[in-house]
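Subject: Structure for your files, with notes

Dear colleague,

Here is the structure I promised to hand over, and my notes on it follow below. Please read them with the sequence open beside you.

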Amino acid sequence: MSHFYFDSEENGRKSFELPGAKPHYNPDRPGQVDHIFLDLVLDIPNQSFTSTCTITLTPVRSGIKQLTLDAVDLEIESVLIDSVSQKFDYDGEKIEIHLSQPTTIKPIKIAIAYSVDHPQRGLYFIQPTEHYPDKPTQVWTQGEDEDSRFWFPCLDYPGQLATSEIRVRVPDRYMAISNGELIETETADNDKIYHWLQKQVHPTYLMTLAVGDFIEIADEWNGIPVTYYVEKGREEDGKRSMGKTPRMVEFLSKKYGYTYPYPKYAQVCVDDFILGGMENTSTTLLTDRCLLDERSAMDNMRTESLVLHELAHQWFGDLVVIKHWSHAWIKEGMASYAEVLWTETEYGKDDGGYYILNEARTYIDEDSSRYRRPIVTNVYREAIELYDRHLYEKGACVYHMIRGILGDELFDRAIQTFVNDNAHQTVETVDLLRAIDKATGYNLMFLFDQYVFRGGHPDYQIAYAWDGDNNLAKLTVTQKQAKNSDSGSNSELFDLKIPVAFGYVNNGAETSLQTFNLRIHQKEQSFYFPLDNKPDFISFDLNNYFLKTVTLQYPVPELKNQLKYDPDPVSRIYAAAALAEKGSLEAVKALGESLVKDSFWGVRVEIAKTLGKIKIHQAAEALNAGLEDKDARVRRAVIEALSNFKTDAAYDTIASCLTKGDASYYTEAAAASSLGGMVAGNLKTKQEQAIALVKEVLAQRAGWNEVVRSGAIAGLGKMTTVPEAVDIILEYTKLGVPQALRLAAIRSLGAVSTGQTPNKVGEILEQLEAISGESFFLTQVAVVGALGQMQTAQAINILNNLAAQTPDGRVRRRAEEAVTKVQKNLGADKAVKELRQEIDKLKQANQELTSRLAKLEANNQ
Ligand SMILES: [Zn+2]
């Protein structure tokens, strides 16, 4: 599964475990589910369906008198076992079947006839609406984590693997796509029946169905059909976005040492999908927002990563299945790490290294601003809460460390052993350790203990000094995350062997490295190295395999050398950050030079970011040189950095970039968004001009996925004291505005509210409250994001109502976290005071209602 990326701006770490969290275990097993057969008839106009679900079960023991199935909000008509009607109780969540005959060890067939009207989750009907008349008609499903029970009765947990079969009747203009192979189609009146069979076992959360008026684009790998399904008119975008799939199947089949295991691989792009993608067995569903046009393909790598991510799950998740959600990092960490492996192969080692650095940063951001938790834990309220940056990005970093410790060859061997030993079975984290040991002899329990079974990561500070009299290098390593200095019992200390290299630059270009392995396990340790010559630079954690944060305290000459000569781009990025800390003219000069000269775009992006933090005018001048960079990603970073300098010159540069336009949507979006943040203070006089510019963009630049106009809205969001900004944004939150743009507008209502008058804040709250009643997942997430940035207790009321009413655990969790954020924005005292006022108001309203009710009752008697 792959999520959209949400903003996380919380400060101060809280607990992962919210009130009500408890340990979760798989249920006791009545036996083995062998096969699930769904026979569905869809009534699309009425958003309902009827179905018979037949489960073949081999009891694990005889004498079972009761069977319990997960089934939420279904209308159950009958339950038969081997064609005999059974008594059952149903409470809307579970079916309790009272068997007329206790089980023997002979397989039984449980057939449940049921219907569903307007399902809340699990299966989604998409249709044109009054405000969106062009929306396509589609039906699609989303099972992970525990939503399959909303569309069919089952033992809904990943520990049960079965073969499956879906027969579905739809109006004949629609196509129905499901897991496995299409074994039969029939026509009946104006309908068509599709019959799909999945012969390899898989869990219930991976069963899927997608129905729509799709165009099929046929491709293949080694004779296996690889198909892409898109709405009519998106054929070119479909090929552009998914066309590398066969090469990816080849890559992963080799990498995992296991040939792609299913009879086909389909990717269906669906409308209003609530995720980025979902790896249903042999049939991945993707959001249609991943479809790229020619211009967005230039600097959008997310689609390629998304396609690769879901494909990697066909092995990690679908072929090798997690036994329990608490071990989901095995699949999500690997699918995320596969993005790194692919990037490295497709674009080179530098791109791969930069990719994993950014994965680490995404996790570190969650760890520092939201909460810290062990990757593996079974304590939560809903399993979906586990699908966070610890599971995905930190999980990927763990795989990267395993590779660093084992080396490429043994890493591949370990992964291949894991896949081959566990194909078509379920696994827990210990199975990965066992496979590594079996294939390589290495026991990596120490690594898992530190990075998987407990939270956190090391925060190193490295100080370097050279003693020229004795030709001695001194390195002092401090673990800043550990609070007290006595080692041994301190569970915050990490104990790792980390390679450190001293670098020498020969003939001004070639570098050679002298490497040492250091065991770093104390709060502070000093190491002395007798060397033949003074090194030109120092590379701590050579190759950067370990997940960490690091601050370098080296003299300027060594940092300059590292920025220029270290072959590892990630090390050059660390050097750039340390140089920027110095903030001197000399540092700016070195950074400016590398902004133009560094061979890797990622380093140039990072240099632009660091220059944006140095508040001297030479830094702004140095940035100007990056405006013409051939890589759009660098131009975008330069614009964003430049906007930190609130000068006429910087404003003019960015405004002219926006007026002239850029080859990249994202650079234009960055320019539009940056302008809004600049026109305060010194540049207040430019306010009107900026608003005029942004309005022009909003009127004219509807383009791919509304990226540019969303940038303009974000720019308005930064104009926190301008009432007109609120008026414009509110216009774009109305129904009928293209969804991507509307979501951006809803989100930016929070930011723009922070400096507005009480009247304007009132208007914003009113609109957010109205929108909070809409049921679409992404809209609810946007509303929560906006409210969480506000500074009024009324936001808390709306959030509490939303948390109480939403059917989605993620929205609920986000809303609860947002309440805490607003309370913090307000300051505790003010929050309590405002809440009291709210309670007083409610009490008063309640009293009035009570007295009116009493009067009514009196009149009726
Ligand atoms: Zn995933």
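Helices (H or I, at least four residues) and strands (E, at least two) are taken as DSSP runs and numbered from the N terminus. On that basis Gly809 belongs to helix α25, which covers residues 809-826. Please bear in mind that this is a predicted model, in which local features need pLDDT of at least 70 and side-chain atom pairs count only at pLDDT 80 or more, while totals for chains, interfaces and linings use all residues. Residues are numbered from 1 along each chain as its sequence is written, and side-chain values use heavy atoms, with hydrogens and water left out.

To stay with Gly809, the residue is buried, with a relative accessible area of 3%, where buried means under 20% relative accessible area, exposed means over 50%, and partly exposed lies in between (1.4 Å probe, protein chains only). Setting aside residues up to four places away in sequence, Gly809 touches Arg121, Glu382 and Ile384, contact being heavy atoms within 4.5 Å.

The next topic is the core. A nonpolar core is a set of buried Ala, Val, Leu, Ile, Met, Phe, Trp, Tyr and Cys residues joined through side-chain atoms within 4.5 Å, and the largest one here has 278 residues, with Trp329 and Tyr399 making the most contacts inside it. Not counting residues up to four places away in sequence, the residues that Trp329 touches include Met334, Leu391, Tyr399, Phe448 and Val452.

Two helix pairs are described below. Two packed helices are described by the angle between their axes and the distance between the axes; the axes are lines fitted to C-alpha atoms, for helices over the stretch in contact, and the angles run from 0 to 180 degrees between N-to-C directions. The axes of α18 (residues 687-700) and α19 (residues 707-717) come within 9 Å and cross at roughly 150°, which makes α18 roughly antiparallel to α19 (angles under 35 degrees count as roughly parallel, over 145 as roughly antiparallel, 65 to 115 as roughly perpendicular and the rest as oblique). Their crossing is left-handed, a term used if the near helix is turned anticlockwise from the far one by less than a right angle, with right-handed used if clockwise. On the α18 side the contact is made by Val694, Val697 and Leu698, and on the α19 side by Val708, Arg709, Ala712, Ile713 and Leu716. By class, this contact has 7 nonpolar residues, no polar ones and 1 charged, where Ala, Val, Leu, Ile, Met, Phe, Trp, Tyr, Cys and Pro count as nonpolar, Asp, Glu, Lys and Arg as charged, and the others, Gly among them, as polar.

In the second pair, α14 (residues 617-624) and α15 (residues 632-642) pack at an angle of about 155° with their axes 10 Å apart, and the two helices are therefore roughly antiparallel to each other. The crossing of α14 and α15 is left-handed. Ala620, Leu623 and Asn624 of α14 meet Val638, Ala641 and Leu642 of α15 in this contact, and by class its residues divide into 5 nonpolar, 1 polar and no charged.

Helix α2 (residues 245-255) is mostly covered, with 8 of its 11 residues buried, among them Thr245, Met248, Phe251 and Lys255. Just after α2, Gly257 takes a positive phi of about 60°. Thr245 is also one of the residues touched by Gln267, not counting residues up to four places away in sequence; Gln267 is found in strand β20 (residues 265-270) and is buried, with a relative accessible area of 0%.

Some backbone details may deserve a look on your screen. Ser83, in the loop between β6 (75-81) and β7 (84-85), has a positive phi of about 70° although it is not a glycine, and at 67% relative accessibility Ser83 counts as exposed. Ser282, in the loop between β21 (277-278) and β22 (283-287), has a phi near 65°, again a positive value in a residue other than glycine, but Ser282 is buried, with a relative accessible area of 0%. A cis peptide bond, with omega about 0°, joins Glu144 and Asp145.

With best wishes
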